[in-house]
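Here are some notes from going through the model, jotted down as numbered points. Have the structure open while you read.

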Amino acid sequence: MEILSKEQILLNDQLSSKNEILQLIAKKAATLGLVSSCEELMESFMEREALGMTGIGEGIAIPHGKSSAINRVSVMVVKSAIPIQWESFDNNPVYVVIALMVPKENPDNIHLQILSSISRKLMDKDFKKSLFGSSTPDEIMELFKEVSIK
């Protein structure tokens, strides 16, 4: 199952807040037809953020939303050249946002499989070094080819 395309990888050099980044993701997801409602996706992101931090530390955040407005399981990646203010376990700003979007009807808990696969990759120091060193959607896409779900 393809969960990421080059169009779902965004480079940021202007936005510096969590809310701005989540809005960017929601608008782009709607433009790409991944969601039927930008507002509902944003609402699902904010509901999840209210439950606890999605900034996992070391400059990475993994926000996720679950909504009936989401058309298919997908991921969007934002790589930022500037720090994003985001609550995280190490209190450091975020530079990489990996947003997970899952339809509300999700019988196989596919989001847990994706989170697990992404988490395993993020434990790999070489993967993280390459991710932070990447500067194009092509480079990021190549790294995420190894993130898979069954």
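This is a predicted model: local features need pLDDT of at least 70, side-chain atom pairs count only at pLDDT 80 or more; totals for chains, interfaces and linings use all residues.

1. I'd start with H3, residues 110-122. The buried positions in H3 are Ile110, His111, Ile114, Leu115, Ser117, Ile118, Lys121 and Leu122. Looking down the axis of H3, these buried residues fall within an arc of 165°, so they line one face of the helix.

2. What sits over that face? The cover on the buried residues of H3 includes strands S2 (55-57), S3 (60-61), S4 (64-67), S5 (74-84) and S6 (94-103). Helix H4 (125-133) is also part of that cover.

3. On to the nonpolar cores. The largest one has 23 residues, and those with the most contacts inside it are Val75, Ile98, Ile114, Leu122, Leu131 and Phe144. S5, S6, H3, H4 and helix H5 (137-144) each supply at least two residues of this core. H3 gives the largest share, five residues. There is also a second, separate core of 22 residues, with Ala29, Leu34, Phe45 and Ala61 among them.

4. Phe144 deserves a look of its own. Setting aside neighbours within four places in sequence, Phe144 is in contact with Leu4, Val77, Ile98, Phe127 and Leu131. A search of the whole structure turns up one aromatic pair, and Phe144 forms it with Phe127. The geometry is edge-to-face, at 5.6 Å centre to centre with 75° between the planes. Phe127 lies in helix H4 and Phe144 in helix H5, so the pair ties together parts that are 17 residues apart in sequence. Both Phe127 and Phe144 are buried.

5. Met141 is another H5 residue, and at 16% relative accessibility it counts as buried because the cut-off is under 20%. Leaving out neighbours within four places in sequence, Met141 is in contact with Glu2, Leu4, Ser5, Lys6 and Ile9.

6. Which polar partners does the side chain of Ser80 have? This serine belongs to strand S5 and is buried, with a relative accessible area of 5%. Its side chain makes a polar contact of 2.9 Å with the side chain of Asn12. A polar atom of the Ser80 side chain also lies 2.5 Å from the backbone oxygen of Ile82. Not counting residues up to four places away in sequence, Ser80 touches Asn12, Leu15 and Tyr95.

7. Last one: His64, in strand S4. His64 is buried too, with a relative accessible area of 17%. Its side chain is joined to that of Arg48 by a polar contact of 3.1 Å, and the backbone oxygen of Ile62 lies 2.9 Å from a polar atom of the His64 side chain. Beyond its neighbours within four places in sequence, His64 is in contact with Ser44, Phe45, Arg48, Thr54, Leu100 and Leu115. Two of these came up above: Leu115 is one of the buried residues of H3, and Phe45 is in the second core.

Note on methods:
Residues are numbered from 1 along each chain as its sequence is written. Side-chain values use heavy atoms; hydrogens and water are left out. Helices (H or I, at least four residues) and strands (E, at least two) are DSSP runs, numbered from the N terminus. The expected span of a helix is 1.5 Å times one less than its number of residues. Buried means under 20% relative accessible area, exposed over 50%, partly exposed in between (1.4 Å probe, protein chains only). The arc is that of the directions from the helix axis to the C-beta atoms. Contact means heavy atoms within 4.5 Å. A nonpolar core is a set of buried Ala, Val, Leu, Ile, Met, Phe, Trp, Tyr and Cys residues joined through side-chain atoms within 4.5 Å. Rings of Phe, Tyr and Trp (its six-membered ring) pair if their centres lie within 6.5 Å; planes under 30 degrees apart count as stacked, over 60 as edge-to-face and the rest as tilted. A polar contact is a pair of N or O atoms within 3.5 Å; within protein, one must be able to donate a hydrogen and the other to accept it, and residues adjacent in sequence count only if both atoms are side-chain atoms.
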